[in-house]
Amino acid sequence: MESRPPGPLAAPWLLGWLLGLLLSPWTVQLAGGQSVIHLGSPIMVSLANKFISFSCNITYPCTPEFQTFTFGFYHVDLQDQQSSEKKVPCQPSVGTENQTCVTKCQVTPTLPSSSATGTYYCFVHWPSSRKKGSGTFILVRDTGYREPPQSPKKLLFLCFIGLLSVLSILATALVLWKKALQRQDTEVYACMQNEVNSPPSSWNLLSQEKPYMFENDSDCNLVYENL
């Protein structure tokens, strides 16, 4: 069968897989009393050569037949190429016979580069059966990865938002200043009104006192002579 080189269909395939993963009941896979359930987030992001782990719960009957099993994982990359299986040590749980046992196993895959991006599946081999989980998608970024630069439109939008914030603060300060000025004018006007409307007591006292007047011209001449 002719292999198909990776092309622009990789992104739609990835989107379809993610949509199916989110819409499907990925946390429950029961069949014959055994299941493998991926724990945590179904999508993870990591840098290359960094340690990242996820766990899977193995559910099975507590009988001697199922106490011996092999646990491991494999992954399928964005080109739908499956890797080899890797075994991971995991001790079975001790439970009451004929009851349900649950064993939690941890997976720490090696992520050398962005090519390790893909879906990682837990699997369990019993002597008479085999089960796998629904998968955990891991997006691997190279160590030198940098966030893409912001577009000019985004920068312009952020500057516009900042300018609006500054103008809003200035407008608020101006309104508060006007209110304070109006309050001060009102207080001054009220004070002037109180002075105008107050009884002229001091004026009455001055008006009641008669100014000193000379009774006749002779008194006036006497003053000049004394000078």
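The model is predicted.

**Stop 1: the cysteines**

Start by selecting the bonded cysteines. How many disulfides are there? The count comes to 3 disulfides. Number the bonded cysteines in sequence order, and the pairing reads 1-6, 2-4, 3-5. Keep that pattern in view as you visit each pair.

**Stop 2: Cys 56 and Cys 122**

Select Cys 56 and Cys 122. A disulfide joins them, with an S to S distance of 2.0 Å. Cys 56 sits in strand β3, residues 54-61, and Cys 122 sits in strand β7, residues 118-125. The two cysteines are 66 residues apart in sequence, so the link ties together separate parts of the chain. Now look along the S-S bond. Is this disulfide right-handed or left-handed? The torsion is about 75 degrees, so the disulfide is right-handed.

Cys 56 has a relative accessible area of 0% and is buried. Cys 122 is buried too, at 0% relative accessibility.

**Stop 3: Cys 62 and Cys 101**

Move to Cys 62 and Cys 101. Their disulfide has an S to S distance of 1.5 Å. Cys 62 lies in the loop between β3 and β4, and β4 covers 70-77. Cys 101 lies in strand β6, residues 100-107.

**Stop 4: Cys 90 and Cys 105**

Now select Cys 90 and Cys 105. Their sulfur atoms are 1.8 Å apart, and they form a disulfide. Cys 90 is in the loop between β5 (86-87) and β6, while Cys 105 is in strand β6. They are 15 residues apart. Which hand does this link have? The angle about the S-S bond is -80 degrees, and the link is left-handed.

Compare each end with the surface. Buried means under 20% relative accessible area. Cys 90 has 16% relative accessibility, so Cys 90 counts as buried. Cys 105 has 2%, so Cys 105 counts as buried as well.

Is Cys 159 buried or exposed? At 56% relative accessibility, Cys 159 counts as exposed.

**Stop 5: the salt bridge**

Next, look at charged side chains. A search of the whole structure finds 1 salt bridge. Select Arg 130 and Glu 85 to see it: their side chains meet at 2.7 Å, N to O. Arg 130 is in strand β8, residues 130-132. Glu 85 is in the loop between β4 and β5. The pair links distant parts of the chain, 45 residues apart. How covered are the two partners? Arg 130 is partly exposed, at 38% relative accessibility. Glu 85 is partly exposed, at 36%.

**Stop 6: strand β7 and its partners**

Select β7, the strand that holds Cys 122. β7 is mostly covered, with 7 of its 8 residues buried.

- Find Asp 77, which stands opposite Gly 118 in β7.
- β7 and β9 pair in the antiparallel sense over 3 bridges. Tyr 120 has Thr 136 in β9 as its bridge partner.
- Val 124 stands opposite Lys 131 in β8. Trace the chain from β7 to β8: a hairpin joins them through 4 residues.

**Stop 7: the open sheet**

Finish with β1, β3 and β6. These 3 strands form an open sheet in the order β1-β3-β6, with antiparallel pairing. Which strands stand at the edges? They are β1 (35-38) and β6. Each has a single partner strand, so one side of each is left without a neighbour in the sheet. The twist averages 20 degrees from one strand to the next.

Zoom in on β3 and β6. They pair in the antiparallel sense over 8 bridges. Pick out Pro 61, which stands opposite Thr 100 in β6.

Methods. Residues are numbered from 1 along each chain as its sequence is written. This is a predicted model: local features need pLDDT of at least 70, side-chain atom pairs count only at pLDDT 80 or more; totals for chains, interfaces and linings use all residues. Side-chain values use heavy atoms; hydrogens and water are left out. A disulfide is a pair of cysteine sulfur atoms within 2.5 Å. Buried means under 20% relative accessible area, exposed over 50%, partly exposed in between (1.4 Å probe, protein chains only). A salt bridge is a side-chain nitrogen of Lys or Arg within 4 Å of a carboxyl oxygen of Asp or Glu. Two strands pair if DSSP finds at least two bridges between them. Axes are lines fitted to C-alpha atoms, for helices over the stretch in contact, and angles run from 0 to 180 degrees between N-to-C directions.
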